[in-house]
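Good morning, everyone. Please look at the screen, and keep the sequence beside it as we go.

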Amino acid sequence: MSSVLTTTLPKPKRSIFQWISDHWFVTFLIVYGLWVFMPYLAPVFMYIGWTGAGKGLYFIYSFFCHQLPERSFFWFGEKTMYSLSEIQSAWQITANPMILRQFIGNESMGWKVAWSDRMISFYTSVWFFALLWYPLRRKIKPITWWGFILILLPLAMDGGTHAISDFAGIGQGFRDTNAWLAVLTNNVLPATFYAGDALGSFNSLMRFSAGLLAGLGIVWLAFPYVFQTQAYNQKLDEISYAKVIEQIKNQDPHSSG
C-alpha cells in the first residue's frame with residue numbers, strides 16, 4: 001500500500017496594510033466614525049467641567065468647520081439654536097466671523113457642537129449612508145458622474161450663495177433676510193421661515209438637506225467602486241495562489257495538496 005505525502009502550502013502572512021484593505025469597511029466605520037462624532041462630545045465635556053478637553057475639540061475642529069454659533073446646535077441650554085442678535089448680546093456686538101466663531105457657549109445658553117449644522121448633516125450622513133449601503137453592496141451600482149454632479153449641486157449653490165452673502169457682513173446679506181424668497185412665495189410663510197438661521201428656517205432646511213444629499217452622493221459614488229476594487233484584488237490573490245500551487249505540483253509530481 002503506497003502512501004502519498006500531502007502538504008499544504010501556507011498563505012503568506014498579511015501585512016497591516018493588507019489587513020486594513022481586507023477590512024476596509026470596519027476600519028472606515030471606526031476611524032471615520034470617531035472623527036465625525038467627537039465634535040458632539042465638546043458640549044458634553046464643557047457641561048461636566050472637562051473644559052480643557054472641550055476647548056481642545058473646538059480648537060481641533062475649527063480647522064474643518066467655521067463653527068459660527070448662529071449656525072450651530074447648542075446642548076444643555078435654553079434653546080437648540082440662537083439668533084445672531086442673541087449671540088452678539090451674550091458675546092460681542094460684532095459681525096466679524098473670526099470673532100463670532102470663538103463663542104462656544106455658557107452655562108445658561110449651553111455649549112455648541114463643534115460642527116455647524118451643515119457639517120453635521122454632511123459628515124454624519126456619509127457615515128450613516130455607508131452603514132445603510134453595506135447590506136445592499138452587491139446590488140447597488142455606482143452613480144454616474146453626471147448624477148454625482150447633480151446631487152452635489154444643492155450644496156454648491158447653498159454654500160456658494162451663503163459665501164457671497166456673507167461678504168455683505170454676517171447678518172446683512174441676501175441669504176440672511178431671504179427677501180427674494182418671500183417675494184417668490186408671496187409671503188405665505190411666517191417671517192421666521194425667511195429670515196435668520198433658526199431651526200426650521202429656510203436657511204437651516206437648505207443647509208441640512210444639501211449636506212444630506214452630498215453625503216448620499218459620496219457614498220453612492222465611492223463605496224461601490226471600493227467594493228469592486230476589493231473584489232477584483234481578492235480574485236487576483238486567489239489566482240496567484242493557485243498558480244503557485246500548480247507550479248509546485250509540476251516540479252514535484254509525487255506530492256499533492
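Is the crossing of α2 and α7 left-handed or right-handed? Take a moment with that. Remember, too, that this is a predicted model. The answer: α2 and α7 cross in the left-handed sense.

Let's stay with that pair. Helix α2 covers residues 24-37, and helix α7 covers residues 117-133. Two packed helices are described by the angle between their axes and the distance between those axes. Here the angle is about 155 degrees, and the axes are 10 Å apart. Angles over 145 degrees count as roughly antiparallel. So α2 and α7 are roughly antiparallel to each other.

Who touches whom? On the α2 side we have Trp24, Phe25, Phe28, Leu29, Tyr32, Gly33, Trp35, Val36 and Phe37. They meet a set in α7: Tyr123, Thr124, Val126, Trp127, Phe128, Ala130, Leu131 and Trp133. Now sort the residues of this contact by kind. We get 15 nonpolar, 2 polar and no charged.

One more residue in α2. Find Val26, which sits in that helix. Is Val26 buried or partly exposed? Its relative accessibility is 46%, so Val26 counts as partly exposed. Now find Leu131 in α7, one of the contact residues. Val26 and Leu131 are 105 residues apart along the chain, yet their C-alpha atoms are separated by 10.0 Å.

Next pair: α3 and α4. Helix α3 is residues 41-48, and α4 is residues 51-61. At what angle do α3 and α4 pack? About 155 degrees, with the axes 7 Å apart. That makes α3 roughly antiparallel to α4. The crossing of α3 and α4 is left-handed.

The contact goes like this. From α3 come Leu41, Ala42, Pro43, Phe45 and Met46. From α4 come Thr51, Ala53, Gly54, Lys55, Leu57 and Tyr58. By kind, the residues of this contact are 8 nonpolar, 2 polar and 1 charged.

On to the loops. Go to Gln67, in the loop between α4 and β1, which is residues 72-75. Its phi is near 55 degrees, a positive value in a residue other than glycine. Is Gln67 buried or exposed? Buried means under 20% relative accessible area. Gln67 has 3%, so it is buried.

Now Asn187. Asn187 lies in the loop between α10 (179-184) and α11 (191-194). Phi of Asn187 is near 55 degrees, and again that is a positive value in a residue other than glycine. Is Asn187 buried or exposed? Exposed means over 50%. Asn187 has a relative accessible area of 53%, so it is exposed.

Arg138 is exposed, at 66% relative accessible area. Now look for Gln228. Along the chain, Arg138 and Gln228 are 90 residues apart. Their C-alpha atoms are separated by 9.1 Å.

Finally, step back to the whole protein. How many helices and strands does the protein have? There are 12 helices and 3 strands. Of its 257 residues, 37% count as buried. The accessible surface comes to about 15500 Å², and 69% of that belongs to carbon and sulfur atoms. Last, the contacts. Take those between residues at least 6 apart in sequence: 68% of them join residues at least 24 apart.

Terms used: Residues are numbered from 1 along each chain as its sequence is written. This is a predicted model: local features need pLDDT of at least 70, side-chain atom pairs count only at pLDDT 80 or more; totals for chains, interfaces and linings use all residues. Side-chain values use heavy atoms; hydrogens and water are left out. Axes are lines fitted to C-alpha atoms, for helices over the stretch in contact, and angles run from 0 to 180 degrees between N-to-C directions. Helices (H or I, at least four residues) and strands (E, at least two) are DSSP runs, numbered from the N terminus. Angles under 35 degrees count as roughly parallel, over 145 as roughly antiparallel, 65 to 115 as roughly perpendicular and the rest as oblique. A crossing is left-handed if the near helix is turned anticlockwise from the far one by less than a right angle, and right-handed if clockwise. Contact means heavy atoms within 4.5 Å. Ala, Val, Leu, Ile, Met, Phe, Trp, Tyr, Cys and Pro count as nonpolar, Asp, Glu, Lys and Arg as charged, and the others, Gly among them, as polar. Buried means under 20% relative accessible area, exposed over 50%, partly exposed in between (1.4 Å probe, protein chains only). Accessible areas come from the Shrake-Rupley method with a 1.4 Å probe; for residues, only the protein chains shown count as cover.
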